[in-house]
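Reader: I am new to this structure. Please take a close look at one part, the charged side chains and how they pair.

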Amino acid sequence: MTHWQYHNPVAMHFGAGVLEALPRVLAGRKASIVTFPEAEAFGLLPRLRRLVGDSLVGVVDRTEPNPDVDGLGAMYRAFWREQAASEVIVAVGGGSALDTAKALMVGTESGEFDALVSLLATGKPFKPHRVKKLIAVPTTSGTGSEVTGWATLWHRAAGKKYSLHLPETWAEAALVDPELTLSLPAGPTLAAGLDALSHSLESIWNVNANPISDQHAIAAARLVLATLPALMNDLSNIELRSRMSLAAMTAGLAFSNTKTALAHSISYEMTMQHGLPHGIACSFTLGMVLGRAIGASAARDAVLARVFDVPLADAPAYLDRFLESLGVRTRFEAYGVGAAESERMLRDALEGVRGKNFIGAATGANARSSQEATS
Ligand SMILES: NC(=O)c1ccc[n+]([C@@H]2O[C@H](COP(=O)([O-])OP(=O)(O)OC[C@H]3O[C@@H](n4cnc5c(N)ncnc54)[C@H](O)[C@@H]3O)[C@@H](O)[C@H]2O)c1
Ligand SMILES: [Zn+2]
């Protein structure tokens, strides 16, 4: 690699209690709040209403996990009919709420969501007819959506997913307040944390990696490996929550410039066909994918070696043990996927858009079969 560039335009505000900076960041602009349904019961939505004050135009709190284009049409139409006056969306929630907000912020001429889906289906960049600004406030530590320019929109009925990715869909600012993650139960905490680990490793074994994304990725992966097991035993520990929030955001900074690779490419089918949460679907194969990455490039091996405190050759088994110790099964068959299906899934994933970002070949010196038993 001789030439490279790194770009991330999001202003990052970080720390326990930093949500209180929202009025200053909004600076009097008219705002809509987009959040998850439980935010009212947690007292989060009342707090947000207080912080936005007289600038509040409206609230969307019926967002759903893994936003599906089939469920977004009515929400989108109502949003653009009733909240057209807002200048900024304050998106507060996990990746699902943040990605829903990114879909809502892009306005079509007709105000209909189908028009946006048609544009996404072309897979080509487009200039939005109108667009709102975004302030992203994550309440999970995982997706990094607060510092990436894209949103994942699912279409389960068609077995597809769309990636919304425009210069306009980066957040203007991210308020990353680890206190907001304290209410997240164990299951989503684990899935989100492993999503962050996956983002960091995927940005290293990636044809788009550069020295800045590598630095972020190494730091993020090491922080997840050192923090997540302790957090799973102590979910109300704000120090550990803070480290995971930092790790997830830092992983976001890494993959915001590289996109993901093979583990994510495999994950989409595992989520759509086998119902795995995103963070589990994109992490249970990490040991196997690492085995395929090692040996593809001496330069990439050197970066990967800096992630692990064990020799790189031992790292795939180490990763499998790390995941299994957190209760994540690392073999396809544990999810009811047999040998022939997993081999087919792997071949398809390598041919997918994200799979093509992967540095390794379908079979590498250290590659293991997708079914090979873990130690
Ligand atoms: N845009 C990106 O860069 C990007 C990257 C990775 C993943 N994603 C997407 O993000 C989604 C997954 O996001 P996620 O892992 O953050 O989970 P999520 O947003 O789906 O949230 C999981 C559940 O936890 C609830 N929740 C969220 N915050 C909470 C809190 N603080 N306390 C209690 N409950 C809370 C949600 O309402 C939901 O029911 C997937 O759809 C995935 O495709 C996007
Ligand atoms: Zn992910």
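Author: The mean positions of the 33 positive and 36 negative charges of the protein lie 4 Å apart. Lys and Arg count as positive here, Asp and Glu as negative, while His and the chain ends are not counted. Each charge is placed at NZ of Lys, CZ of Arg, CG of Asp or CD of Glu. The model is a predicted one, in which local features need pLDDT of at least 70 and side-chain atom pairs count only at pLDDT 80 or more, whereas totals for chains, interfaces and linings use all residues. Residues are numbered from 1 along each chain as its sequence is written, chains are lettered from A and ligands numbered from 1 in the order in which they are written, and side-chain values use heavy atoms, with hydrogens and water left out.

Now the pairs. Side chains of opposite charge can pair when their charged atoms come close. The structure holds 15 salt bridges. Such a bridge is a side-chain nitrogen of Lys or Arg within 4 Å of a carboxyl oxygen of Asp or Glu.

Take D68 and R156. Their side chains meet in a salt bridge, at 2.6 Å from N to O. This pair links distant parts of the chain, 88 residues apart. D68 sits in the loop between β3 (56-60) and α3 (69-82). R156 sits in the loop between β8 (150-155) and β9 (160-165). Helices (H or I, at least four residues) and strands (E, at least two) are DSSP runs, numbered from the N terminus. D68 is buried, with a relative accessible area of 13%. R156 is partly exposed, at 40%. Buried means under 20% relative accessible area, exposed over 50%, and partly exposed in between, with a 1.4 Å probe and protein chains only.

Next, E112 and R77. A salt bridge joins their side chains, with 3.0 Å from N to O. Here too, distant parts of the chain are linked, 35 residues apart. E112 lies in the loop between β5 (106-107) and α5 (113-122). R77 belongs to helix α3. E112 is partly exposed at 30% relative accessibility. R77 is partly exposed as well, with a relative accessible area of 36%.

E82 and R81 form another salt bridge. Their closest N and O atoms are 3.4 Å apart. Both E82 and R81 are exposed. Elsewhere, salt bridges with shared partners join E20, R47 and R50 into one network.
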